[in-house]
Amino acid sequence: MYQPQKSDMFTFGLWTVGNPGRDPFGDAVRGAISPERMVEKLAGLGAHGVNLHDNDLVPFDATPSERDAIVASFKQALDDHGLKVPMATTNLFTHPVFKEGAFTANDPEVRQFAIQKTMRAIDLGVELGAETYVFWGGREGSEVDAAKDLPGGYKLFRDALNFLLGYVRDQGYNLRFALEAKPNEPRGHLFLPTTGAMLGFIETLDHPEMCGVNPEVAHETMAGLNFPHAVAQAIDAGKLFHIDLNDQDMGRYDQDFRFGSVQIKNNFFLVKLLEDSGYAGPKHFDAHAYRTEDENGVWDFAYGCMRNYMILKEKVQRFNDDAEIQGILQDLNPASSGWDRISGGYSSDVAAAVNSQEFDVAAMARRGYQYENLDQLAIEIIMGVR
Ligand code: GCO
Ligand code: MN
Ligand code: MN
């Protein structure tokens, strides 16, 4: 029942299972795993696809013929194991050239190089079949605000995205952009720090209809926010194009833990939101194995991410099928007694009718809402006793 299938749409970045366990204080603890081996192992575990930054596959300084050979071998592995590449993105953060920013760097040469690198990475992604292109501004931010024109930074980011939207349209690519917010790390302060900020920014772009968001559990949690609430806003706006699943303690560094390993209750409501809303896109695990692990631990990690999602999905089904819970929810959301007049839009007649309506405010205020009971039932489902 909890065995993931390709149709479950689980994906992993090459950089996630390929993470060698390096951190700011310590060296790599695991050797490199070839992209072909990752494809084979992930397919065996039940994943649908792999995602990549350009340089996860093709080294920064590869020659065109080296690039072509690498891509051909990777494509062969995808074909052999039936895996897709639904999403691609650009590494605009590792090379020292991006230490001051990429699209928002003060140096216009750096900005143009970032555009060139992204156009090439878009070509690579499309060649591999990607339909979503993620923008995570890893170095777009600051520590020294004295050095930055802050409103100007938004304009630079907008100019870059508009140019790249033009490129995608000019090439006739079937590709949508998904913007990923993060409050900090690796910069002290990243621009556009939350999913809500991204949603506002998208509406200022030339082609907002081509742009949505890629919210990440860890990032919203680092900002002290409730992740399901951020995802709900994206769903409401029709902008949930992609999602990065992992786990994270509040108030800590970017931990990128196995999905479902920390915030069980929030994860339950996240899975409920995704399943109930009919989200059909990839469910991408942007996480990595603990630094204690060898390669076997990496596959334990990957399988655990998918299995925890499947378990939570089954709990969501239980919640939705539970007659007592559904009865309480019905009591909590009584059929409209006149609200359709409001949701139907303003008219002076309705305004007058609402104005003269008599409310039994004391009775309304006395009402109990059974939240203790409802939440306990939800917890009992999550804990596996109901
Ligand atoms: C992070 C980010 C990245 C992005 C990735 C795709 O915190 O490092 O989550 O992993 O998701 O670069 O754009
Ligand atoms: Mn992250
Ligand atoms: Mn991410």
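Which residues coordinate the manganese ion (ligand 3), and at what distances? The protein donors are Glu180 (OE), Glu216 (OE), Asp244 (OD) and Asp286 (OD), at 2.0 to 2.2 Å. Donors here are N, O and S atoms within 2.8 Å of the metal (3.2 Å for Na, K and Ca), and water is not among the atoms, so sites may look incomplete.

The structure is a predicted model, in which local features need pLDDT of at least 70 and side-chain atom pairs count only at pLDDT 80 or more, while totals for chains, interfaces and linings use all residues. Residues are numbered from 1 along each chain as its sequence is written, chains are lettered from A and ligands numbered from 1 in the order in which they are written, and side-chain values use heavy atoms, with hydrogens and water left out.

**The manganese sites**

Around the manganese ion (ligand 3), 6 donor atoms subtend angles of 82 to 177°, which makes the arrangement octahedral. Six donors count as octahedral if opposite donors are over 155 degrees apart and all others between 65 and 115. For reference, the ideal angles for six octahedral donors are 90 or 180 degrees. The donor residues of this ion follow the sequence spacing E-x35-E-x27-D-x41-D. Glutamate 180 belongs to strand S6 (residues 176–180), whereas glutamate 216 sits in the loop between strand S8 (211–213) and helix H8 (217–222), so the pair ties together parts that are 36 residues apart in sequence. Helices (H or I, at least four residues) and strands (E, at least two) are DSSP runs, numbered from the N terminus.

The manganese ion (ligand 2) has Glu216 (OE) and His219 (NE2) as its protein donors, lying 2.1 to 2.3 Å from it. Glutamate 216 bridges this ion and the manganese ion (ligand 3), and the two ions lie 3.8 Å apart. Glutamate 180 and glutamate 216 are both buried, as is histidine 219; buried means under 20% relative accessible area, with a 1.4 Å probe and protein chains only.

**Ligand 1**

Of the 13 residues around ligand 1, His53, Glu180, Lys182, Glu216 and Asp286 come nearest, a residue being near if one of its heavy atoms lies within 4 Å. This shell divides into 4 nonpolar, 3 polar and 6 charged residues.

| Residue | Distance from an oxygen atom of ligand 1 |
|---|---|
| Tryptophan 15 | 3.3 Å |
| Threonine 89 | 3.5 Å |
| Histidine 219 | 3.0 Å |

The protein covers 92% of the 330 Å² of accessible area that ligand 1 has on its own, as computed by the Shrake-Rupley method with a 1.4 Å probe.

**Loops and backbone geometry**

The loop between S9 and H10 contains aspartate 254, which is buried with a relative accessible area of 11%. Its side chain makes a polar contact of 2.6 Å with the side chain of lysine 182. Aspartate 256 is placed in the loop between strand S9 (243–245) and helix H10 (264–277) and is buried, with a relative accessible area of 10%.

Most residues other than glycine have a negative phi, and most peptide bonds are trans. Phi of aspartate 256 is positive, near 55°. Methionine 9, in the segment before strand S1 (10–13), also has a positive phi, near 65°. A cis peptide bond joins glutamate 185 and proline 186, with omega about 5°; proline 186 is found in the loop between S6 and strand S7 (189–190).

Key:
Tetrahedral: all angles 85-135°; square planar, octahedral: opposite > 155°, others 65-115°. Buried < 20%, exposed > 50% of the residue type's maximum accessible area, 1.4 Å probe, protein only. Polar contact = N/O pair within 3.5 Å; in protein donor to acceptor, adjacent residues only side chain to side chain. Nonpolar A, V, L, I, M, F, W, Y, C, P; charged D, E, K, R; others polar.
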